Amino acid sequence: MLLTVAVLPGDGIGPEVTAEAVRALEAVALAFGHKIELRLKEIGAASIRRWRSPLPEETLDACIQSDAVLLGSVGDPEFDDLPLEARPEAGLLKLRRELGAFANLRPVVAFPGLEASSPLKPARLSGTDIIIVRELLGGIYFGEPRGFETGGHAVEAVNTMRYGEREVERVAAIAFELARTRRSKVTSVDKANVLECSRLWRRTVAKIAGDYPDVALDHQYVDSCAAALISRPSTFDVILTENMFGDILSDEAGALVGSLGLLASGSIGARVGLYEPVHGSAPDIAGREIANPIGAVLSAALMLRHSFDLEIEAACIERSVCDALAAGCRTRDLVDDGRYLTTSRMGEIIADQILNSAREHGARAT
Ligand code: NAD
Ligand code: IPM
Ligand code: MN
């Protein structure tokens, strides 16, 4: 199969971790007899410096003309004072919108062997296997009106949380479909005790649930969910929530399984999917070869599964990450002592494991 992928390494640790995701993809291609065509493009601060735009036409065109997009991360403190629409992050938000990627899947798995990296007691963490389905193109991120108002004595600012029924229906359907492939349980998270958007959310999700009588649905307020994620994470299966709640809960989920650097994401909905780790550009550790590449590598696995329907190849990457962790391989974010691997060494070990594992499972290793 020919896989055409736009690769946007972006800023901070983005290039370091994306290189390892590409290494994993190349190992899969070699082991399973696929051909990948990579189109390397700029986004974020890297692109502002060169093109004065966080998402130049050339990058967007390459993404639209590819089968999938692999992205590192965007964001640079150098541009923190720019207006919002000119910041690196604006490039990412525009890309998500242009691609129509409305459902952001964020798996959260407690890897065996990583118990010591988690702040939770092992018994509470054990068995945790969640997928957060975050609505990605609506809510307060995109609602109008927004902006600063300077009419009166003091400046005011306004943002609008807005949802339409159709936006909720389409992301809910994805969550229920996914639940069917797992433990058939959806927890819809909202703030329906306070917000109209959440009341619409709750009743629309309940309506869609009618099409999925085999899937159990429960509703939970977001504040209560934040606590439950820490006290009983293993009881969740699919968490379905709106844009900003999903942003916040997923970073919390990263911390509870051991590191934000472990979490992958895939944004789907239209023809071209966008795959990126959940974490940001981590300026505090950029350029030091100490970032964890696993979130990026697992994002490549999500790409194989959701954009190319290559389940065996996706599972091969996931198994290889598990094996590397089970063998004691750790980046700095996962250990308290000074014994850790560099970003690229971790990536090399995973890629080697992909080749070994593919051979053991009978793939056409060359
Ligand atoms: P961050 O996710 O970049 O970092 C938070 C903390 O987690 C930092 O201490 C960082 O060192 C650590 N961390 C993150 N990823 C790691 C990894 N792979 N390995 C080891 N440690 C890791 O969040 P932040 O510091 O709040 O934001 C930094 C910049 O990134 C901001 O400009 C923000 O807007 C942007 N951002 C971008 C994305 C994205 O591109 N999808 C996501 C989140 C934040
Ligand atoms: C994420 C990030 C982005 C978001 C930012 C960088 C726009 O935090 O992907 O989680 O808020 O969606
Ligand atoms: Mn985030």
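**Reading a ligand site and ring pairs**

User: Which polar side-chain atom lies 2.8 Å from an oxygen atom of ligand 1?

Analyst: One belonging to Asp284. A polar contact is a pair of N or O atoms within 3.5 Å. This is a predicted model: local features need pLDDT of at least 70, side-chain atom pairs count only at pLDDT 80 or more, and totals for chains, interfaces and linings use all residues. Residues are numbered from 1 along each chain as its sequence is written, chains are lettered from A and ligands numbered from 1 in the order written, and side-chain values use heavy atoms, without hydrogens and water.

User: How much of ligand 1 does the protein cover?

Analyst: Accessible areas come from the Shrake-Rupley method with a 1.4 Å probe. On its own, ligand 1 has 810 Å² of accessible area, and the protein covers 70% of it.

User: How many aromatic pairs does the structure hold?

Analyst: Rings of Phe, Tyr and Trp (its six-membered ring) pair if their centres lie within 6.5 Å; planes under 30 degrees apart count as stacked, over 60 as edge-to-face and the rest as tilted. The structure holds two pairs. Tyr163 and Trp201 have ring centres 5.5 Å apart and planes at 70°, so they are edge-to-face. Phe176 and Tyr212 have centres 5.2 Å apart and planes at 15°, so they are stacked.

User: Are Phe176 and Tyr212 buried or exposed?

Analyst: Buried means under 20% relative accessible area, exposed over 50%, partly exposed in between (1.4 Å probe, protein chains only). Phe176 and Tyr212 are buried.

Definitions and conventions
A polar contact is a pair of N or O atoms within 3.5 Å; within protein, one must be able to donate a hydrogen and the other to accept it, and residues adjacent in sequence count only if both atoms are side-chain atoms.
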